[in-house]
Amino acid sequence: MRILMLGNSLTTANNLPDTLADRLQADVVVHARGGARLSEHLNPNAKLGAKTLPALEAGGWDFIVLQEMSNGALRFRERYLAAVEALCTRIGAADATPVIYATWAYAPTCAKLGKLGVSHDEMFRRMDEAHREAARRTGALLANVGEAFERHEPLDALYAADGVHPSPAGTDVALACLARAIEKEVERTQPYTVYLLECEDGSYYAGITTDIDRRWHEHLSRGPKCARYTRSHPVKAIAATWTAQGRAEASRLEFHLKQLSHEQKCALAENPALLWQFLQ
């Protein structure tokens with residue numbers, strides 16, 4: 001998995017990209033500078049744009065994380081939304097999935113709130129609305145770190161001394177949100193194999209997996225990772241397999257497969273294409 005993170009010092013704080021790479025077993029590349037706006041990545045004359053635009057053109061990314069400057073979604077809502085839309089258009093052309101890294105309101109005691117003329121609660125509300133609108137307009141995944149901050153107790157433990165950047169605990173919250181959003185999307189879209197195994201006693205067992213070779217050997221071993229059924233009914237052969245996109249589709253197909261009669265399963269072992277006829 002390859003991930004490109006576009007952002008600023010909130011993106012790089014406390015080695016978040018390296019930790020995310022370890023969590024997801026991914027190759028993570030970062031294009032960031034302190035205080036950077038997402039719009040800079042669209043400007044070929046800006047340092048970030050000169051790196052990001054060719055990287056998007058080259059492709060090869062699975063996910064691209066978009067993180068605006070700390071108050072950009074509040075102060076420059078429409079410019080922020082326009083930048084997200086423009087970047088998501090390019091990300092779609094690169095066949096990657098955009099992820100909005102929705103950051104947090106400043107700490108309730110942060111002096112910068114006074115300069116912005118808002119309270120902590122108002123800053124959170126307005127930024128949250130902007131991030132959700134960006135996700136709605138573009139279909140991007142939303143890693144709502146700001147909302148996760150608001151649910152955390154004590155809230156002040158998530159901030160560094162400046163009330164803007166995250167503490168290590170705050171970065172842990174951000175990591176969990178980003179990783180969960182990406183992991184759920186991978187699970188939803190990755191190819192699954194729906195399989196039918198023939199057992200030594202002539203019965204059949206149906207299941208789903210993302211790695212048929214590994215799962216076959218787990219059933220064959222009759223060890224702790226095999227199914228309870230195949231532990232008492234040793235498997236003989238892989239009778240048939242089908243490909244499904246995402247776990248939900250695979251689970252539905254597995255359910256219908258389990259409802260078929262023994263005679264139908266025998267027929268599938270001879271001709272797997274009959275499954276679609278049986279489902280009709």
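## Cysteines

A disulfide is taken here as a pair of cysteine sulfur atoms within 2.5 Å. By this rule the count in the predicted model comes to zero disulfides. Cys88 takes part in no disulfide, and the nearest cysteine sulfur, that of Cys177, is 18 Å away.

Cys88 is buried (under 20% relative accessible area, with over 50% counted as exposed and values in between as partly exposed; 1.4 Å probe, protein chains only), its relative accessible area being 11%. Cys110 is also buried, at 8%.

## The three-stranded sheet

Helices (H or I, at least four residues) and strands (E, at least two) are DSSP runs numbered from the N terminus, and two strands pair if DSSP finds at least two bridges between them. Three strands form an open sheet in the order E7-E6-E8, with antiparallel pairing. Strands E7 (204-209) and E8 (235-245) stand at the edges with a single partner strand each, so one side of each lacks a neighbour in the sheet. On average, neighbouring strands of this sheet are turned by 20° against each other, direction ignored.

Six bridges join strand E6 (residues 191-199) to E7 in the antiparallel sense. Leu197 stands opposite Tyr205 in E7.

## Helices on the sheet

Contact means heavy atoms within 4.5 Å; axes are lines fitted to C-alpha atoms, for helices over the stretch in contact, and angles run from 0 to 180 degrees between N-to-C directions. Helix H10 (residues 212-221) packs on the sheet and touches E6, E7 and E8, its direction making about 150° with that of E8. Helix H12 (residues 247-259) lies across E6, E7 and E8 and runs at about 175° to E7.

## Basis of the values

Residues are numbered from 1 along each chain as its sequence is written, and side-chain values use heavy atoms, with hydrogens and water left out. In this predicted model, local features need pLDDT of at least 70 and side-chain atom pairs count only at pLDDT 80 or more, whereas totals for chains, interfaces and linings use all residues.
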